[in-house]
Amino acid sequence: MLVNNWRAIIKHAWSIRFMVLALLCIIIEPIYTFVAATWVAKNVYIQLAMSAITGLLAVAAIIARIFVQQKVSGDLNGKPPSEG
């Protein structure tokens with residue numbers, strides 16, 4: 001079941017933004033590995049950096065999910081947040 005302000009959450013929630021960035025890193029990593037294996041020698045440091053960035057973005061998404069964001073927190077003093 002979706003929350004009432006799901007569109008505002010998708011637009012403004014930092015947790016969603018961090019998860020999208022983590023998803024992009026997850027998608028880019030195998031593409032880079034394929035290209036590196038095909039054209040150039042593999043660089044372990046770049047693979048390590050991609051994995052570290054993905055992990056850090058996932059942790060940031062978890063942390064962002066815990067903190068209240070005023071625009072998308074749901075109920076503020078009995079009133080719904082303004083969407084805009």
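Thr54 is a buried residue, because its relative accessible area is 12% and buried means under 20%, exposed over 50% and partly exposed in between, using a 1.4 Å probe and protein chains only. Thr54 sits in helix H3, which covers residues 44-66. Helices here are DSSP runs of H or I with at least four residues, strands are runs of E with at least two, and both are numbered from the N terminus. Setting aside neighbours within four places in sequence, Thr54 is in contact with Ala22, Cys25 and Ile26, where contact means heavy atoms within 4.5 Å.

A word on the model itself. This is a predicted model, in which local features need pLDDT of at least 70 and side-chain atom pairs count only at pLDDT 80 or more, while totals for chains, interfaces and linings use all residues. Residues are numbered from 1 along each chain as its sequence is written, and side-chain values use heavy atoms, with hydrogens and water left out.

Now let us look at the whole protein. It has three helices and zero strands, so from the N terminus on, the order of elements reads α-α-α. Of the 84 residues in the protein, 19% are buried. Among contacts between residues at least 6 apart in sequence, 61% join residues at least 24 apart. The protein exposes about 6700 Å², and carbon and sulfur atoms supply 71% of that area; accessible areas come from the Shrake-Rupley method with a 1.4 Å probe, and for residues only the protein chains shown count as cover.

Rings of Phe, Tyr and Trp (its six-membered ring) pair if their centres lie within 6.5 Å; planes under 30 degrees apart count as stacked, over 60 as edge-to-face and the rest as tilted. By this rule there is one aromatic pair. The ring centres of Trp14 and Phe18 are 5.8 Å apart and their planes meet at 35°, so this pair is tilted. Both residues belong to helix H2 (residues 14-39), four residues apart, which is about one turn of the helix.

Which residue lies over the face of Trp14? That is Arg17, at 4.6 Å from the ring centre; a charge sits over a ring if NZ of Lys or CZ of Arg is within 6 Å of the ring centre and within 35 degrees of the ring normal. Arg17 is also in helix H2. Not counting residues up to four places away in sequence, Arg17 touches Lys11 and His12.

| Residue | Relative accessible area |
|---|---|
| Trp14 | 45% |
| Leu24 | 44% |
| Arg17 | 33% |
| Phe18 | 21% |

Leu24, found in helix H2, is one of the residues of a nonpolar surface patch that also includes Val20, Ile28 and Phe34. Together, the patch residues have about 810 Å² of accessible area.

Terms used. Patches are made of residues with over 30% relative accessible area and no salt bridge: like charges are joined within 9 Å, nonpolar side chains (Val, Leu, Ile, Met, Phe, Trp, Tyr) within 5 Å. A salt bridge is a side-chain nitrogen of Lys or Arg within 4 Å of a carboxyl oxygen of Asp or Glu.
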